[in-house]
Amino acid sequence: MTERMADAQLDREIGAFLAWESEDLAGAPSAGEMAVRVREHVRPGGRLPVFGSTQRRLGMLILAALLAALLATAALVGGSRPQLPTSVHNGWIAFSSQPGYRQTFVSDWAVGGDIYLVREDIEPRVIVARGPDMKRNVCPQFSPDGSMLAYGELEGTAASLVVLEVRDDGAVSESRRFVVPGASSVAPCPRWNRSGTRLAYLDGVRWDNDGNLDSAGTGVVIVDLNGVAVGWTADDPTADDLRRSGTFDPLDAPDGSDPLRSPDGELRTTCRDNVGLVVGTADGSADRVVTRDCGYSLAAWSPDGTRILVLSDSGKAVSMLVASVTGPAVEERVGYVPINGARSFPGRGDTSWQPVYP
């Protein structure tokens with residue numbers, strides 16, 4: 001990483017941290033309100049007494065308790081607070097053996113799909129199985145704080161959004177299930193909002209009479225964690241995000257070169273013909289070649305923003321390679337992960353890397 005890129009990343013992290021702090025305190029009491037509450041609790045009538053040593057200790061205890069309560073209120077207002085990218089650890093990697101919209105093909109759709117968890121030196125294991133009904137389980141997405149994993153399910157024509165709780169050891173349990181209204185022919189691909197409190201999906205995707213995917217009647221649907229439909233806000237994914245136009249798609253981006261943005265949104269990586277894996281700032285400056293090996297899909301950034309998950313073709317399986325942003329070394333994370341078939345390669349949107357906070 002160049003000195004310019006390192007300086008820019010530090011500036012971004014500090015700015016993001018300050019923004020998160022201001023969001024957390026947005027609904028907390030003001031300094032004036034805090035003073036009023038302190039006066040009301042210490043002495044009715046509004047004046048603070050002159051304390052002796054015993055009174056002073058009692059007063060300090062009261063003030064400490066009030067401050068603790070107010071800080072707790074601020075934390076509740078802010079929800080689970082994101083942290084600086086450099087404080088994030090890289091956890092489990094979730095992937096589906098079947099691509100979601102728009103990468104899916106009829107052959108993939110017909111045979112269902114499983115969802116796996118995998119880590120370095122740990123064999124891939126199924127956490128969501130297609131079962132005898134050949135359910136389509138697609139698009140696993142970790143929540144921003146890494147504690148939950150959402151995915152889309154299609155059983156027959158009944159579609160659902162499912163949320164799993166994920167423990168540190170990789171054990172999962174279903175915590176929420178929301179039915180998608182109406183008959184469906186494509187499993188929904190959920191995306192979290194930035195605060196991890198809502199899910200978005202693209203409704204109205206159907207197979208047409210020629211066996212092609214048709215999104216003419218699509219619209220964005222937002223649901224809260226009670227499954228209640230709510231209005232779209234700037235915190236939520238857009239229709240373009242949900243259509244996954246930046247994913248590897250043989251019909252859309254044959255060389256898989258659409259930019260993949262870093263967790264803080266400021267760096268991006270692309271795969272350039274006859275060049276390789278390129279990382280640089282969002283405005284195109286400070287570009288540098290990280291490695292010549294782009295695989296077939298740039299699947300995900302690591303949560304700490306230091307590495308890029310690259311998927312390579314292994315016939316009816318996938319190899320997961322990890323490229324360092326500083327390059328040029330490429331390490332093999334997993335040598336063989338199963339997929340449905342020769343055209344079922346999971347790509348961007350079918351693979352998610354869990355953030356873990358200390």
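Okay, some ground rules. Residues are numbered from 1 along each chain as its sequence is written, and side-chain values use heavy atoms, with hydrogens and water left out. Since we're looking at a prediction, local features need pLDDT of at least 70 and side-chain atom pairs count only at pLDDT 80 or more, while totals for chains, interfaces and linings use all residues.

Let's start with the holes. A cavity here is a set of points on a 1 Å grid over the protein atoms alone where a 1.4 Å probe fits but cannot get out. Points are joined across faces, edges and corners, and volume is the space filled by probe spheres set on them. How many cavities of 30 Å³ or more are there? Three.

The largest cavity has a volume of about 120 Å³. Its lining, meaning residues with an atom within 4 Å of a point, has 15 residues, and V186, A187, P188, L202 and V205 lie nearest the centre. Strand β9 (residues 198-203) gives the largest share of that lining, three residues. Strands, by the way, are DSSP runs of E, at least two residues, numbered from the N terminus.

Now over to strand β1, residues 89-96. Is it buried or exposed? Mostly covered: seven of its eight residues are buried, as in under 20% relative accessible area with a 1.4 Å probe, protein chains only.

β1 also has partners; pairing takes at least two DSSP bridges. With β22 (residues 351-356), β1 runs antiparallel over five bridges, and H89 has V356 as its bridge partner there. With β2 (residues 115-119), the pairing is antiparallel over four bridges, and A94 stands opposite L117.

Terms used
On a 1 Å grid over the protein atoms alone, a cavity is a set of points where a 1.4 Å probe fits but cannot get out, and a pocket is an open set with protein on both sides within 12 Å along at least five of seven lines; lining residues have an atom within 4 Å of a point. Buried means under 20% relative accessible area, exposed over 50%, partly exposed in between (1.4 Å probe, protein chains only).
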